[in-house]
Structures are given as C-alpha cells and as structure tokens.
Amino acid sequence: MNIITRFAPSPTGYLHLGNIRVALYSWLFARNNNGKFFLRIEDTDFERCNKKYIDNILYLLDWFGLYWDNEIYFQSKNIDLYNYYIDLLLNNNLAYKCYCSFERLINIRKNCILNNKKPKYDNYCRNKNLNYKNIKYVVRFNNSFNNNIKFNDLIFGNLNFKNKELDDFIIRRSNGFPTYNFCVVIDDNNMLVTNIIRGSEHINNTPKQINLLNSLNFKKPKYVHLPIILDKHKKKLSKRNNVYNINKYIKKGYLPYTLISYLLKLGISNNNLEINNIKKLKNIFNLNNINKSPCIIDNKKIISLNKYYINNISYNKLKFYLKPFFLKKNINMNKINNLYEIFFIILERIYYLNEIVNFYILINTSFKLDLNILNKFNINFYIIIKYFIKKFYLLSLWSIQNIKNIVNNYINNFNLKKQCIFILLRYILIGNKHGIDLFKLIFILKKKQVLLRLNNIYKI
C-alpha cells in the first residue's frame, strides 16, 4: 500500500511552531516510506480565511523545504461533493435536520452543566423527519448509541470511546456550509490518505470521524496524534498568539535547520540529531521515538541552536538565507567587497542572521564626528590619528595580527590606556564607541576605508 499523508491548515492566521511540527512529521513519514505528502487548504470558513494566510503557508513550506506532491487541494472547491454525501446520509436516515433555536441549545447546555453532565444535544429533532419551509436548520449526524469506538494511535496506544457519550454533532451549519469533522472525512477519503498525523487536541474528534467513516463505508486511515506544544506559561499555542509565529522567527534571522532540529529534539527521544540537510532526515526519522508528554517551548535552546547552525553552514548557504535581509534594506549583496570577511569574523558573536545585516549597516552608515565627544578623551587625538594614518598606509599585509601589532605597540610605547585608544578609534571609524573587537573591525573595513575615515578627523 502506498503511504499518503497530508498537511491540512486552515488559512485563518499565521502558522506557529505546532503547525509546522505537524507538517514536518507528516512530510518525513511520507518520504521515509517512499509515499506522498499532500497539502490541503481548509478554507470553508469564509469569514476568517484570508488569501494572505494561504500565500504565507505556501511560502513557509517552501522555506522549510517541505515540498508537497500533486496540486493543492482546496476545500472551498468541494462544497458540492460535501453536500452530495450529506444528502446521502439524510436519505439513509443517518443524518437529520435540526430546527432547534440558538436559545434552546443554550438552555440545554446550561441544564447539562447544572446537573453535572457532559454538555451535548438532547436529540430533540432526531427521528422526526422534520422538513419545514423557509426556516433555517442544521444537519446533525445520527450517531449510534451502541458499541464503542476503538482505534490504535501510534503514540498513545489503544484508545476507547463510548458512543453513548458522543453527541449528534452538526455536519452542516445553518448557513449551508459543512463542518470541520465532516469535511475532513470526505477529504481524506477522496485524497486516499492512509496516515493522519495531527495534534493530540484532535483525539476527541477522531471517534466522531470514525463513525462517519463507518456510515459512509469509507476505509479507516491510521492515526498519529502528536503531543501538543505548550508555551512558557504552559498554554497551548494558538494562531491568535503571535509569540511563536513562524514569520517572526524568520524575520529575526533564524535558519530553517534551527527550527526543524528543535522540533525534532522537542518530541523525539534521540536528541542527538544534527540537521543540515532535510533530505537526509528521512533516513533517521522514526515516529516510534516520540514521547507522549506535552512539550514546553524553550526559546533559549532555540537561540542556542540558531547560533550553532549559523556558525556551521556553508558560506553559500549563508548568503542564500541572508539575501532577503539585505534586499529589505535595499542593499545589493553582490556589491559588497568585504562580505566574506564580515561573515566569518563576526559569526562567533551573533545569534541571528539580521545581526549580520545590522553590523554591515553600522560600519557603512555615514556619520558626523562630534568634537564634544572627542574632547572628552582628554588626549591629543590629532597626533594619535596622524600616527595611525602613517602606519596603516605603510602596512603592506593587511592582517588582523599586523593591525594588532601597530595599535598595541603605540599604546605600550607611549604608556597609554588601552581602553581609551580602543574607544577613540572605534568612534572615529564607525561613530560608535562600543561593539566588535577593534582589530577585527579595522580588518573588515580594509585599508582604503580606514584611511578615509581616519582622515575625517581633520574635517571637523
């Protein structure tokens, strides 16, 4: 049997780490079994769905390298198919029209709560074959009260639900649109999905969906429910909470390897996975190693991983991921003549990609020296700068060690305070008294630029 998995986001907000974890595991499971990975956009909630969220879903999957097979499946294009099956259930007395008012449903819920019962519909319209004209209604699934629903989950094991505790749940709203639990059953059958990987918050939906599958004589897929991811306050991640929005991670300068590695380390017993090529993951990924317990996000670990991957990916890959950051600042990377030096001299001290761009902007932004700041050094800075102009001009091999020798020899020969000279030179060169190691800074700027900036001292 060919393995088919799917990722089925609803475009009602930006994806968070939990969403991408589901997509990643579904993709890996399919690839590990030489199967197919489909993308389904669940866009039947027309009031909340937005094209910008669809575009962003496609962008994120591409950014992570989670490429899907076949065309994208849109639920909004299958309303007729859903209605066909709803009519089929109605005609076979497996569903019924419910005309109960909103107020009545609220009262049913209140009474259930007051009597310490699980809130659910009282089946008032069941078996009455009601068919009123010009009155809005919902369609409910005629749920069986007999037997139990049993299924095996690869992570949570054998699960058992009593049918009598389930509701006659709605499968089509009063506005004519089918509900989530109904659509996914039709979609998964239509897409020939064999393995459903999703968050554990859907476990309670599974028995409802299995009942629908049985009523329609559809084949039951295998289920994998991933333990939920919690934030630092131990609350479930939500699209409405932008803290763990994937776009924010990208904007700040995280690499895809960082987030992929973290998501795998978060839920899999083998924490020694090192990811630098997502295609190689299919050889080491195994759903059997996933823990049952909920996972709590640790941003400090994500930051640490990002620093590791920034320091260990190739120069060309680093350029590739940095390109959008430079473009956003209207900077042409191809015209930067000291980009290589910038990368590998400051990499050890940065955690995010945008720090590289910010540093480049810092050392290349024009500034005006302030005489008041220079006078606070209480030294004859003209003599000092004149000395360094001469020494740097005569320097034939522009290296960090030679630069270091020139600066330190001057400090030692004239018994000057090292910190004072360092701050003075850094301020004259970039207009900032603090930052990167002075010797590395001078090396990155290169001789021509250093001499130009040192000579600016005579223009104030």
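In this predicted model, lysine 51 forms a salt bridge with aspartate 55, and the closest N and O atoms of the two are 2.9 Å apart. Both belong to helix 2 (residues 51–64), and because they stand four residues apart there, about one helical turn separates them. Lysine 51 counts as exposed, since its relative accessibility is 56%, while aspartate 55, with a relative accessible area of 39%, is partly exposed.

Side chains of opposite charge can pair when their charged atoms come close.

| Salt bridge | Closest N and O atoms |
|---|---|
| Lysine 51 and aspartate 55 | 2.9 Å |
| Aspartate 168 and arginine 126 | 3.3 Å |
| Glutamate 341 and lysine 446 | 3.6 Å |

Aspartate 168 lies in the loop between strand 7 (157–162) and strand 8, and arginine 126 in the loop between helix 4 (102–114) and strand 5, so this pair ties together parts that are 42 residues apart in sequence. Both aspartate 168 and arginine 126 are buried. Glutamate 341 in helix 11 (residues 339–346) and lysine 446 in helix 17 (residues 438–455) are 105 residues apart, and their pair links distant parts of the chain.

An open sheet of three strands has the order 4-5-8, with antiparallel pairing. Strand 4 (95–98) and strand 8 (170–172) are at the edges with a single partner strand each, so one side of each has no neighbour in the sheet. Strand 5 (residues 138–141) is joined to strand 8 by two bridges, and valine 139 has arginine 172 in strand 8 as its bridge partner.

Technical notes: Residues are numbered from 1 along each chain as its sequence is written. This is a predicted model: local features need pLDDT of at least 70, side-chain atom pairs count only at pLDDT 80 or more; totals for chains, interfaces and linings use all residues. Side-chain values use heavy atoms; hydrogens and water are left out. Two strands pair if DSSP finds at least two bridges between them. A salt bridge is a side-chain nitrogen of Lys or Arg within 4 Å of a carboxyl oxygen of Asp or Glu. Buried means under 20% relative accessible area, exposed over 50%, partly exposed in between (1.4 Å probe, protein chains only).
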